[in-house]
Amino acid sequence: MPTSPPRPARASADNQQPPLPRPGAPLRTERLLLTTVAASDLEFLTRLHSDPAAFAHDTTPPLTSPAQMAHVMEQWEERRLAGGCGYALVSLPGADAPVPIGVAGLKTLPLNGEDVLNLYVRISPAHWRRGYAREALRALLAQVDEAFPGKRAVIVTDAGNAPMRALSASLGFHETDEQEPGFGAPHVIAQRFCGAGRYAPSPSGDLHLGNLRTAVLAWLFARREGRRFVMRVEDLDRVKPGAAERQLEDLSALGVDWDGPVLYQSSRADAYREVLADLTGRGLCYECYCTRAEILAAPSAPHAPPGAYPGTCRELGAAQREAGRARMAELRRTPALRLWADDPAHTVYDRFAGRYTGQVDDTVLTRGDGVVAYNLAVVVDDAFQGVGQVTRGDDLLSSAPRQAWIGSLLGIAAPEYVHVPLALNGEGKRLAKRDGAVTLRERLARGESRADVIGLIATSLGYPGVRSLPELLGVFDPAAMPREPWIVSGE
Ligand SMILES: [Zn+2]
């Protein structure tokens with residue numbers, strides 16, 4: 001398992017190394033060498049870009065002269081020096097000297113009011129059929145995933161360029177209905193959010209088949225798209241001793257692997273404290289003395305979801321706050337800390353639900369028992385782990401806007417969400433321990449093998465006969481994923 005150093009608590013593109021090769025430090029892939037574009041590459045690049053048959057990624061017309069190409073190369077160099085973006089010569093490492101076959105790169109592009117990363121690849125027609133374009137783009141993606149978690153990357157393709165559209169889909173880009181008037185010709189914009197995928201179980205007991213399927217899906221989405229995959233144990237409360245170790249063993253037994261050390265939320269108190277101090281210092285939080293019963297009983301704003309906080313403690317005077325604290329002390333609780341919500345709603349992007357807007361209320365940051373709220377911890381830890389893709393059960397879709405909004409206050413870019421259907425029992429209720437043999441260990445105890453259990457999960461995803469994760473990874477197609485709940489029998 002490769003390991004990587006821990007990241008800063010607040011991931012930000014500002015302090016990252018430029019993701020492209022620096023002069024003298026080439027990027028190597030299995031078959032390719034990516035080096036900084038040099039003035040001596042002018043002749044090759046002019047030839048490449050004046051060939052209308054070259055594997056064009058976008059609607060740029062072919063160049064006709066070395067002078068035009070030299071001007072473009074100056075722009076590339078300026079972008080590289082400005083940090084974060086630039087272009088690389090793609091070569092085959094020959095016996096004597098590398099043989100250039102194309103160019104790949106990225107630049108910041110304003111797209112409908114947002115700065116996105118635009119990826120580019122152009123491989124000479126004689127070579128692109130061998131998968132070099134994919135290999136070069138994959139190398140770039142590994143770099144930008146690391147440097148810009150949460151940032152949106154796009155590939156702009158000529159609408160008629162079917163091979164490039166298929167290539168971008170295989171790298172996890174999915175086509176949007178966006179258009180950029182500046183491009184002129186008919187084009188398709190495909191997007192992919194940078195960053196690692198993750199799974200984050202709560203160690204309250206053994207994972208059941210529904211949890212295992214969600215973990216497998218999170219792993220499939222990430223690995224298929226060349227992402228890192230990280231693991232986090234959400235052990236702030238409801239911890240059953242030994243459960244985390246058993247969960248991780250079960251995931252490993254099925255073939256789910258992850259990069260770097262497992263992150264335990266119980267080790268993150270300093271990071272949460274720092275973020276809470278930041279939000280409090282900016283005047284964004286206030287103490288709340290309400291009990292759950294009082295919140296449910298209070299009249300709520302029109303259209304507010306059930307249980308939404310009615311704002312009772314928002315604007316209390318000093319005397320009222322003293323009285324509230326005294327009342328909390330009697331109940332042996334501390335006041336909860338809430339975040340002021342000035343935006344009534346926030347929008348996130350979900351792979352299946354599309355643009356999803358949800359109500360944002362005055363979210364709890366620390367609870368009355370002093371525990372940091374899940375909604376805050378999840379955002380801080382995803383940023384810390386460089387996560388840009390959150391695959392999880394669709395019961396959490398409605399909390400995604402709230403989490404993304406908390407992130408926005410902390411300068412954390414929202415990840416892409418992939419909310420997947422839950423597992424239900426025969427009665428249509430959420431799968432639970434009482435539903436029979438529903439954990440890996442229970443299935444093994446009654447004589448099934450690990451391959452049988454993977455087979456069960458694979459069948460639920462539409463791939464009967466598949467019995468290992470590497471095999472499933474080879475055939476998994478997100479577009480064909482069943483969108484209804486998985487009905488599981490533990491009998
Ligand atoms: Zn209150």
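Reply: A residue counts as buried if 20 or more other C-beta atoms lie within 10 Å of its own, exposed if 12 or fewer, and partly exposed in between, with C-beta atoms placed from the backbone. This is a predicted model, where local features need pLDDT of at least 70, side-chain atom pairs count only at pLDDT 80 or more, and totals for chains, interfaces and linings use all residues. Residues are numbered from 1 along each chain as its sequence is written.

Me: How many residues of H5 are buried?
Reply: H5 covers residues 209-224, helices being DSSP runs (H or I, at least four residues) and strands likewise (E, at least two), numbered from the N terminus. H5 is largely enclosed by the rest of the structure, because its buried residues number 14 of the 16.

Me: And how far apart are the end C-alpha atoms of H5?
Reply: The expected span is 1.5 Å times one less than the number of residues. For the 16 residues of H5 that should give 22 Å, and the distance between the end C-alpha atoms agrees: 22 Å.

Me: Which strands stand at the edges of the sheet?
Reply: The sheet is open, with 8 strands in the order E1-E2-E3-E4-E5-E6-E8-E7 and mixed pairing; two strands pair if DSSP finds at least two bridges between them. Two strands each have a single partner strand, so one side of each is left without a neighbour in the sheet: E1 (27-28) and E7 (174-175).
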